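Take a look at the sequence and structure below, then follow along.

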Amino acid sequence: MASEQFLEKLRTALGESRVLTDEASITLAATDVYRQGALPTAVIKPATVEQLCAGIKLATEDGYAVIARGGGASYTDAYLAVSERTVVIDMGDLNKIIEIDETNNIVTVEAGCTWATLRDELLKRNLRTPFFGPFSGLVATVGGSVSQNAISHGSGSYGISAQSVISLDVVLASGEILRTGSGAVKSGDAKTRRFFRHSGPDLTGLFTGDCGALGIKASVTLPLLKNPAATEAVAFSFPDFKSMHAAVAGVALLGLDDEGFGLDPALQQGQIARNEASAVKLKLAWSVLRSSPTFFKGIRSLLRMALAGDKHLREPGYALNYIAKGPDAGSAKSKIAAIREVALKTGGEVPNSMPAIVAVMPFAPLNNVLGPGGERWVPIHGILQHSDVVAFDERWRAVLDSHAEQIEATGTFIGGMYMAAGPNAFLYEIAFYWPDERTVYHEQTVDADFLGTLPTYPANEGGRELIETLKKAAIDLYGEYGGVHFQIGKSYPHAENRDTHELNLLRAIKKEVDPDNLMNPGVLGL
Ligand SMILES: Cc1cc2nc3c(=O)[nH]c(=O)nc-3n(C[C@H](O)[C@H](O)[C@H](O)COP(=O)(O)OP(=O)(O)OC[C@H]3O[C@@H](n4cnc5c(N)ncnc54)[C@H](O)[C@@H]3O)c2cc1C
């Protein structure tokens, strides 16, 4: 069918204003933090779940691929189309909090709701979700994070995004809705009872991390917790990677931190200390604190400590930062004391500026999608077992040494960010920065005022080629150590690397829910 007729059908079903075909909308929908994919035929922006279902049905009936774009804060080609015969679904208007159910301690949101919106609403009632978002939560959506797995706020005690999901409403390629968890029970009005996840095989889990290959989430139900009244933060410095890793593994075993993250010297000194933004953030954090005295009562003293200065951020060494929470200051402090006891075995304590800022402002504006000098940025990561981590780090340093000349010649700098992923795994993230021209993504995402202060660069083909080479080398190296990944998208190997039985089952499920392979084709290698 000619695309004009198809577009007319979409307009009739969704309304003229909800079907976008202008160049700016199409180009933005085709661009993630890292690069651009095929330009889709249209972007639709449903305002209701009914419109979402209708849009998906119309698209797949006419053989168009459908891809959801949540906050668009990913960098693994996850929502980039592989063919122009694609409709991208902008989830931005499916952003409502459907119900905060304080009797059953659950919250249900439309999948396009951002983590920041959810947190703000819950805090008004002194509540939170266990995992409460990635650093990008100002724009990243609950549906996007759950669809590609995310880690950060709350992960120390409560695990990744998938571990904070009870039940999902997923729109299949047919436009029909599949419900998971207790919401799938047939009898009576059970579908509104989304209170529990596990009953037989875990189909909620099936759709977490699917990158939208199995369906498009319309809504997500998460558990509620009382928001802890007290927050404490602590930071350490280590002479080398090995001693930092020992502390990460030891602290993860305690399970007492709400979150923790490590930085290598390049990131600590390059991205953070070279960046005036850390002082700016402190000022901003202080003004936020003053404007909401009740809300921030629990972290007032902690922030005062942080404001003491950030000179230590310029010191060499690996940094490790922790935030701990509890119902009262005593309990948060005793968690910090236990963390300190482990970390001081291999490192020394430094001022807690960095974790204190994160505790006050878990969702910073997305200005760090560019480097401190306006460079392009893309991270890559793998999740490894602890016994492989130090060897992996040594091998990776050797890869970098073997490319030292090109790294220097292209003005590239490379840093590392680290986290425990539960007690038994370690997330090793590599961040690449290189001078290169900005894309429409940066123009649209970074605050205009801030963007104006940054230098610009001409196209840097050599730099881009080097980043591709290093990304591939890193992915191969993760593979050698059996590494696995969040945010698989179309960048990390998945289908290629799975055991036959598991892959056959995944393909059979895909065939059942998406017989013509129109749901985000190419993602997960499917
Ligand atoms: C500055 C910055 C900081 C970041 N910090 C973190 C961090 O702390 N932790 C972390 O894990 N990641 C982090 N990320 C990566 C990314 O932001 C997160 O993974 C986030 O969860 C992506 O959510 P999103 O809504 O932007 O998803 P998108 O980028 O829009 O989409 C991601 C994938 O999910 C699919 N998808 C989106 N919505 C749906 C839906 N409703 N149904 C089905 N599929 C859907 C898309 O098709 C795509 O495959 C960061 C990124 C940036 C730029």
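Which element gives the largest share of the shell around the ligand? That's α5, with 5 residues.

## Before we start

This is a predicted model, so to speak of local features we need pLDDT of at least 70, side-chain atom pairs count only at pLDDT 80 or more, and totals for chains, interfaces and linings use all residues. Numbering runs from 1 along each chain as its sequence is written.

## Around the ligand

There are 38 residues around the ligand, and Gly70, Gly71, Gly143, Gly144 and Gly212 come nearest. A residue is near a molecule if its C-beta atom, placed from the backbone, lies within 6 Å of it. Three elements, β3 (65-69), α5 (142-148) and β10 (216-223), each put at least two residues into the shell. Helices here are DSSP runs of H or I with at least four residues, strands are runs of E with at least two, and both are numbered from the N terminus.

By class, the shell has 19 nonpolar, 17 polar and 2 charged residues. Nonpolar means Ala, Val, Leu, Ile, Met, Phe, Trp, Tyr, Cys and Pro; charged means Asp, Glu, Lys and Arg; the others, Gly among them, are polar. The shell lies between domain 1 (3-93) and domain 2 (97-226), because both give residues to it. The domain bounds come from an automatic or database domain assignment.

## A strand on the inside

Strand β14 (residues 318-326) has 9 of its 9 residues buried, so the rest of the structure largely encloses it. Buried means 20 or more other C-beta atoms within 10 Å of a residue's own, exposed means 12 or fewer, and partly exposed is in between, with C-beta atoms placed from the backbone. Tyr318, Leu320, Tyr322, Ala324 and Gly326 point one way from β14, while Ala319, Asn321, Ile323 and Lys325 point the other way.

β14 runs antiparallel to β12 (residues 230-238), with 9 bridges joining them, and glutamate 232 stands opposite alanine 324. β13 (residues 259-263) is also antiparallel to β14, through 5 bridges; there, glycine 260 has tyrosine 322 as its bridge partner. Two strands pair if DSSP finds at least two bridges between them.

## A helix with a buried side

In helix α4 (residues 115-124), Trp115, Leu118 and Leu122 are buried. Seen down the axis, they fall within an arc of 65°, so they line one face of α4. That arc is taken from the directions from the helix axis to the C-beta atoms. The face turned away from the buried side of α4 carries exposed Asp120 and Lys124.
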